[in-house]
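Dear colleague,

I am passing on a structure for you to look through, with my notes on its aromatic rings below.

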Amino acid sequence: MTRLVLKRLAYGLLTLFVVSLVVFLATQALPGDAARAILGRDATPERLEALRAQLRLDDPLVVQYGSWLAGVVTLDLGTSFANALPVSEYLAQRAVGSLTLMALAAVIATPVAVFLGAYSALRRDRAADHATSAATLVLAAIPEFAVGILLILAFSTGFLHLLPAVFAGNGQAVLEDPEQLVLPVATLVLAVSPPIIRMMRASMIEVLESEYVQQARLKGLPERTVIWRHAAPNAIGPVAQVIALQLGWLAGGVVAIEYLFGFPGIGLALMDAINTRDLPVIQAVTLLIAAVYIVVNLLADIVGLAANPKVRVSAR
Amino acid sequence: MTAATADTGAPAAPAAPPARGRGLLRTAWGYGRTKAGVAIAGAVVLTAVIGPFVSPYAPTELVGIPNATDVDGTLFGTDQVGRDVFSRFLHGGYTLVLVAVTAALAGVAAGAVLGMAAGYLRGRLDDLVMRANDMLLAFPQLVLALLVMSILGPKVWLIVVLIAVSHAPRVARVAREATLRVVEQDFVKSAEAIGVPRWRIMAGEILPNITGPLLVELGLRITYSVGLIATLSFLGMGLQPPIADWGLMINENRVVLTVQPWSVALPVAAVALLTIGANLITDGLARASIGIDRGVQK
């Protein structure tokens, strides 16, 4: 077990390294170079030359990559072209904002989705089950920004002016005005829940048909004990992996949602950076999102291993 | 090749052979959800295809004051610069549908070839393909597309390539697993024994036997392609103004949502219905193919 986990860990680090290489090389493929991107088309050759020297653009690629990577490791991500702030400082509070949003969505979505999945398994082939099944099928298909717009149309326009359609305020105090968080969080919850619900339902049905559940029932245990003591804990194992994967998806999924609601997080920072061609910020945000994604996938792998008794025992 | 798979009574029974080819489509058609999906997605695709021919105005024609809902001669009013919302809606679908289907087909084709080759030839190729896959999967699809497009600029061919490339590893995994199950069977071994070249075994023996999972993947990939492309356009990284495009319409008009909801509501509804329809069809195919509920994953 430990060896398998260590192997996955090493593999995750390798992936992260390759991703950093991809991010770096992708930004090198820019037509012209960073100096021209900063100074614009009308820059004089002397100024371009001076800035190139300042940014060390004349060094060989390997050296540039090395110093960039060293910077990443020490959290020195360079200076933003657009607002002259150090990137790590600029992104820090935005990252907190995004993480708050993601954490709220995760904390709400996970128990609700697990409960709904278990409930529809218990009411298999009844109206409630069919309704949940149809709802998850529909929600799993619609792109998340469209879910957000439908929520805005329903709750912020027309007759119901219940909730604000956009987020006003800065990233430092996102929790100060909880009313503004309702729609973004609700959108994310609706976007991540369907696969969890479906997996929980399938897993629960399988467990409910197993012999030990039958045995527990035959012992005369009350149905509530059978379900919540015997069936549910065993059904959650395979679901844990799906939950972890969905939380990883959140890291990329927040981009469109933050853009839609004007929420001051890393996703909106990425879109702003793309519009101003702010390379250090683009590099930092894509690397950050990929890192979160890789770490969560790694956790999903480990959870999957831990939930599988065969692996747990045989590979000790 | 038997077409008798259509009447395999209990699809969940382990003994029932997986439906394939035409039998699969017939089984899938038997589910109500498939019919609903075909009706919904069909209606949206029809709107997208016929729309440009029946629209009352040109998509870039100015017909009245901006952001009005009660302009004479228009059904849903005008957008943020005074163009007819309904005409732009009718013009805005076919590029989305075309690009999404092309990207999904390319991604599934590439993934199927890679997955089959990895699963059948095994060895070093298998390792290489699957490791490269894992690396590609380390990027969320949307972020990969945004990273590359932010550097090379938003172009239609680039969207197709990027989405196909990000679909391919996901399809390859499924194709490889399906191939591994087929390779063990006797007809593959006997074909090998009489010396059929390997590429012909892949094309003639393995491919026909994994069409079920591949069709399901195609449906799933079309669903996600529509979503991704619409999201990219919505983020301003897809088709560029003044082209009429559903995602772009949403992006352009979302600030005036409260005054002129139609210019956002129509394209959002179309995108949502298209993805819902495609997903319903996919679900029908999945049920026909494996007979169990599919855990949908983003």
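This is a predicted model: local features need pLDDT of at least 70, side-chain atom pairs count only at pLDDT 80 or more; totals for chains, interfaces and linings use all residues.

Residues are numbered from 1 along each chain as its sequence is written, chains are lettered from A and ligands numbered from 1 in the order in which they are written, and side-chain values use heavy atoms, leaving out hydrogens and water.

Over all chains there are ten aromatic pairs (rings of Phe, Tyr and Trp, the latter by its six-membered ring, with centres within 6.5 Å; planes under 30 degrees apart are stacked, over 60 edge-to-face and the rest tilted). One of them is stacked because the rings of A:Phe115 and A:Trp228 have centres 6.4 Å apart and planes at 5°. A:Phe115, at 47% relative accessibility, is partly exposed, and A:Trp228 is likewise partly exposed at 43%. The rings of B:Phe89 and B:Trp246 are also stacked, with centres 5.5 Å apart and planes at 20°. Both residues belong to one aromatic cluster, together with B:Phe76, B:Phe86 and B:Trp262.

Finally, B:Arg254 lies over the face of A:Tyr259, at 4.5 Å from the ring centre, where the criterion is CZ of Arg, or NZ of Lys, within 6 Å of the ring centre and within 35 degrees of the ring normal.

Best regards

Definitions and conventions
Buried means under 20% relative accessible area, exposed over 50%, partly exposed in between (1.4 Å probe, protein chains only).
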